[in-house]
Amino acid sequence: MEENKEEQKVEKGGRTVGAVMVVGGGIGAVQASLDLVEMGYRVYMVESGPSIGGVMGQLDKTFPTNDCSMCILSPKLVEVGSNENIHIYTLTDLESVEGGPGDFRVGLRVRPRYVDIDKCTGCGICTGSCRVKVWDPYNASLSRTPLIRVPFPQAVPGVAFIDPSKCLYIQKGKCGNCLEACEAGAVDFSQKERTETVNVGSIIIAAGYKTFDPHLRDEYGYGRYDNVVTSLEFERILAANGPTGGHIVRRSDGEPVRKLAFIQCVGSRDGTVGNSYCSSVCCMYATKQSLIAREHVKDIEATIFFIDMRAYGKGFEEYYQRAKNEMGIKYTRCLASYCKEAQPSRDIVVSYTDGEGNVLQENYDLVVLSVGMEADVSGLAEKAGIELNEHGFIEGEGFLPVVSSRPGIYSCGAVESPKDIPDTVIQASASACMASSGLIDSKGELIEHGEYPPERDTRYEEPRIGAIICRCGTNIANTVDVPAVVEHAKTLPGVVFADERLYACSQDTQQWIRDIVKENNLNRVVVASCTPRTHQPLFRETMRSAGLNQYLFEMANIREHCSWVHMDFPDEATGKAKRLVEMSIAKAALLEPLEEGVSPVTHKALVIGGGAAGMNAALRLGDAGFTTYLVEKEAELGGNMRHIYKTLEGNDVKAYMRELIDKVTGHDNIEVFLSARISRLDGFIGTYHTEIETPSGKVEVEHGVVITATGGQEYEPENGEYAYGEDKRVITQTELERMIHEDPEAVRRLKNVVMIQCVGSRSDLRPYCSKICCGVAVKNAIALKELNDKAKVYVCNRDIRTYGMKEDYYLEARDRGVGFIRFEKDEPPEVRPRGGDVVVKVKDRNMRGEELLIHADLVVLSAGVVANPDALELGRQLKVPLTSDGFFLEAHVKLRPVDFATDGVFLAGLAHYPKTIAETVTQACAAAARAESVLSRENVVTEGTVARVDERLCSGCGNCVLLCSYEAIEMDEEKGVARVNSALCKGCGACTAACPSGANQLLGFRPRQLLAQIKAACSE
């Protein structure tokens, strides 16, 4: 829904306003808005551009899974655009903020779109008639586009807008072609700028960032040389819907690129341009882009010039190692000196110094500058009355960065600091949690409950199938002959309509589907596009809004199964696509309407783990009014915080822990179980029954959700590893921190301290990066120098991974004289105790491998984080998966980082992956928000695709009971037959496959439906 013209019904007299304003339209704003609506609040989304989507909408793929960015984002954009409780203001700027928490009055300036949103159909006729072409910001200004246009195919709202700065009609009263061409009468040049005031209870700022201007690094020739581009420009070159259709060609002459270079840290880690911080994402997106380039052109040579490879996130290190060791991406550790253009070839010559100190030059077809993130929030912050840090990002609270300096205003995403998509999504849910915290008394007051049209009874109709074949830009169409698939679909039994769409998942296509269902009296729909894992819910929702049962929908995956895996065999891929569509249509003809179940919600929560994550999650849910059971296996709360004194930023962890414990133990809505463990956990979303073993006996509790916050633990070096356990002068960073704070005099006597990084991490056994170790080493190195500035401190490392603002502390350590010695994985330091000291021998790769002998008073091992061994058993009880490293596996690494695939179970803290305390607290608040979105409902709806037992055929053998991983089937002892609890059933089909009598069938996958698919697959 676009501009809000309704009067808000807000009860005055001191009550809070049950609405939240979200400023921004990127993935952070989208996630926060969706969470808030589920929690019971109306949302006003304010976006300065013509549509929502942000930078993620411009990306081709996302790391480390290489998911299509728009494919995972688009369903969320459509969900926001179609939600009656989210009012989207586009081309709108925040002008003023008055009032305080619970009752803000926000002044908005709404710029004219010159197109009536209610009339525009997004047909594109006006675009074809426009005489003026401008550089297209969606394509990073690599191509021109008409002045009047829909911003991009999947834009929400999916309607046109006019940039007034160059419009001939607005500026000079000439032209007006679009006005004449628009048959809907949507073009409206009479629109004027207007102001509005909106009342909300809280504000979330999620306005994103801007990329560094590479003109400021003149030595790389950006703007002078056509074949030097930015990373965002290269992202659009890679994209199937980009200016080159995904073909990697040079800007100068359109020739294919065979040799490609990436230069890192352009505008990051660079004090000369005022950006001393690390932009966090550049190393990984350069790796991703190099891999995607190799997918496009198998023999392309890609080189990445870098300083430190900051692959610190979940799955990042493995992704980097795969690129380097398996995919042939070349990594050259250096800061490239300059670029120049060779003539007449117009190749780009990169000058750099290699590891041996040799100055080299190498020619490349194309050079990509990995530009960093810059703050772009100063004007907005001034109007909102919030403070910024020294780098211009929003200043956050020490342990919870989403909390700004002004009460009631929160932030998420790159406005707070540079970060990747999952960290933005986590902060988005956390900011939603905090925005909700002061508005509990007005929850639900402004929520509108829409109704679907009556569902048409199709049980006695002959199949009338509509087949929609998606081009997915050129993701599918570059390989698969889409028109040929459409023509084939038209010949199949039951098909009365078949057509293709550029993007089947776009908002305008959803309305088009509703229209063709009505016009053609369709009773079944097949969409051939990408994976149902991400898009099936979107299309099912469209079926419901079209008046059809959502289970009369079938999907064929012709992207992952055809165009992507067979890109070198277009004829065969097209043949396979035809066959997959034929199979889906054969099954669709036999689909039957299914009913979803409704289950009541128990408005209580269970939180497992009493560390920083568990206590914060319990506290947020308790504050929201929900009874929360907090279970901790130890005799006291605190978790790993008990061993930490200060954060890298200087925040007092012990004081924070004591404050948390006091709040939790004194909270009326929180019941704490210490020295306790979960002995049994049964149930499903909304209705769980758990048995807790406590020192006083067993306690049984009922609850609607579960938050897993069982933490992790420090890796314990093996006996003899770097002489650990053999010499008391070899300790871990945790032990050193205890010395610094409990025995500072002993620390002051130290003269030479050597730290060794990556102990228990980035190894063959544990290939992941533990993320926090570099920051801890820097923190303790600075503390050592503060106690004794004359002490020599050395940090032996493979990379220093002080991402984001942590880079400032790394620079401080260097300024204090801390030495950073780099070694290679296959040349680790050797530690040999010798009488009065410990000798450390290491080859310094910063000095061409020169071997150093350091006589140390103390050797400190930066031990990594390992998964809690209890996670394995708890995973079985919760029926949730773990990674190969023992951490819990979230539902989706990018967009669902606090959810499990199992509904009603959420995740936070070290149980998910190594992270700092602030990151842990943020994820805990995010998990609480996701849990609150369930607890705020009276009922939950369960899946219709479940197993069902025909009691007339059941022999009571019990095979299905034994096989069910979800304990959804039990024997009715009186009747001697099996019965399925549909609320627990996940529709996996294991029971159906094992049933010898055919009594157990999976709805939506009945034998006759599957046999029809098999017959279609085997047809000539």
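The legends below describe close-up views of a predicted model.

Residues are numbered from 1 along each chain as its sequence is written, and side-chain values use heavy atoms, with hydrogens and water left out. In this predicted model, local features need pLDDT of at least 70 and side-chain atom pairs count only at pLDDT 80 or more, while totals for chains, interfaces and linings use all residues.

**View 1. Packing of helices α12 and α13.** Helix α12 (residues 507-519) packs on helix α13 (residues 532-545) at an angle of about 40°, and their axes are 9 Å apart. Helices are DSSP runs of H or I of at least four residues, strands are runs of E of at least two, and both are numbered from the N terminus. Axes are lines fitted to C-alpha atoms, for helices over the stretch in contact, and angles run from 0 to 180 degrees between N-to-C directions. The two helices, α12 and α13, are therefore oblique to each other (under 35 degrees is roughly parallel, over 145 roughly antiparallel, 65 to 115 roughly perpendicular, and the rest oblique). On the α12 side the contact (heavy atoms within 4.5 Å) is made by Q510, I513 and R514, and on the α13 side by L538, F539, T542 and S545.

**View 2. The buried side of helix α18.** Q733, L736, E737 and I740 of α18 (residues 733-742) are buried, that is, under 20% relative accessible area, where exposed is over 50% and partly exposed lies in between (1.4 Å probe, protein chains only). These residues lie on the same side of α18 because they cover an arc of only 100° around the axis, the arc being that of the directions from the helix axis to the C-beta atoms. Among the elements covering them are β38 (730-732), β39 (752-759) and α20 (773-787).

**View 3. Surroundings of T922.** T922 belongs to helix α23 (residues 917-935) and is buried, with a relative accessible area of 4%. Leaving out residues up to four places away in sequence, T922 touches L400, P401, V402, I426, Q427 and A430.

**View 4. Two cis peptide bonds.** The bond from F63 to P64 is cis, with omega near 0°; P64 is in the loop between β3 (61-62) and β4 (67-68). The bond from Q343 to P344 is also cis, with omega near 0°, and P344 is in the loop between β19 (338-341) and β20 (348-353).

**View 5. Positive phi at L91 and A140.** L91, not a glycine, has a positive phi of about 50° and lies in the loop between β5 (86-89) and β6 (92-100). A140, not a glycine either, has a positive phi of about 55° and lies in the loop between β8 (133-135) and β9 (144-146). L91 is buried at 8% relative accessible area, and A140 counts as buried at 14%.
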